[in-house]
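Please look over the structure below, with its sequence alongside, before reading on.

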Amino acid sequence: MKIHQQTIELNQRRRGFHIITTEVINALPQISEFKTGICQVFIQHTSASLSINENADPTVRQDFEMYFNKTVPENDPDYRHDDEGPDDMPAHLKAAMLGSSVTIPIRNGRLALGTWQGIYLCEHRNYGGGRSLVITAWGE
C-alpha cells in the first residue's frame with residue numbers, strides 16, 4: 001500500500017459554496033498511481049466546511065447558501081460567541097452541520113466522483129481568509 005499526503009492553501013474566497021475539485025486533483029497528482037484507493041480531503045478550520053454535491057448548475061450552490069443562511073441566521077440574540085462579528089457563530093454551526101472532510105474512492109487513477117459531483121469549499125465567513133486543506137490518498 002502507498003500513501004501520499006499534501007497540504008495546500010486555498011486562496012481567500014467570498015462567502016458561499018465553491019467547487020475546488022480541480023485544485024484538489026492538481027495538488028496530489030500521485031492519485032494517478034492508484035488502481036484502487038481512497039482520497040480524504042480535510043479542512044483545518046472551524047468556520048468553513050467541505051461537501052460533495054452538484055458541479056454543473058451554479059444555482060445549486062446559490063440555493064445552498066440561501067438555505068444555510070435561513071437555517072442558521074446571523075444576529076441571533078441567543079448566540080454568545082460573537083467575538084469576530086455576526087457571522088462568527090453561524091459559521092461554526094454551518095461547518096458543524098456539513099463537516100470537515102470528504103472521502104472519495106479512487107478507481108483507475110482518478111477520483112471516482114459521479115458525473116455531476118464536485119468537491120465544495122463551503123465558506124461560511126464574510127472574510128474567512130485563505131483555507132488550508134490536507135489531502136491524503138492511499139491504496140494500491
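**From a helix to the sheet**

In this predicted model, the buried residues of helix 3 pack against strand 4 (48-54) and helix 2 (58-71). Helix 3 spans residues 88-98, and the residues in question are Asp88, Pro90, Ala91, Lys94 and Ala95, where buried stands for a relative accessible area under 20%. Viewed down the axis of helix 3, these buried residues fall within an arc of 165 degrees, and they therefore line one face of the helix. Just after helix 3 comes glycine 99, which takes a positive phi of about 105 degrees.

The sheet is an open one, with 5 strands in the order 1-8-3-5-6 and antiparallel pairing. Strand 1 (2-10) and strand 6 (110-111) stand at its edges, and because each has a single partner strand, one side of each is left without a neighbour in the sheet. Strand 1 is joined to strand 8 over 9 bridges in the antiparallel sense, with isoleucine 8 standing opposite leucine 133 of strand 8.

Strand 3 (residues 36-43) pairs antiparallel with strand 8 (residues 131-139) over 7 bridges, and it also pairs antiparallel with strand 5 (residues 101-107) over 7 bridges. Strand 3 has a covered face, made up of Gly37, Cys39, Val41 and Ile43, and an uncovered one, made up of Thr36, Ile38, Gln40 and Phe42.

Note on methods:
Residues are numbered from 1 along each chain as its sequence is written. This is a predicted model: local features need pLDDT of at least 70, side-chain atom pairs count only at pLDDT 80 or more; totals for chains, interfaces and linings use all residues. Side-chain values use heavy atoms; hydrogens and water are left out. Buried means under 20% relative accessible area, exposed over 50%, partly exposed in between (1.4 Å probe, protein chains only). Helices (H or I, at least four residues) and strands (E, at least two) are DSSP runs, numbered from the N terminus. Two strands pair if DSSP finds at least two bridges between them. The arc is that of the directions from the helix axis to the C-beta atoms. Contact means heavy atoms within 4.5 Å.
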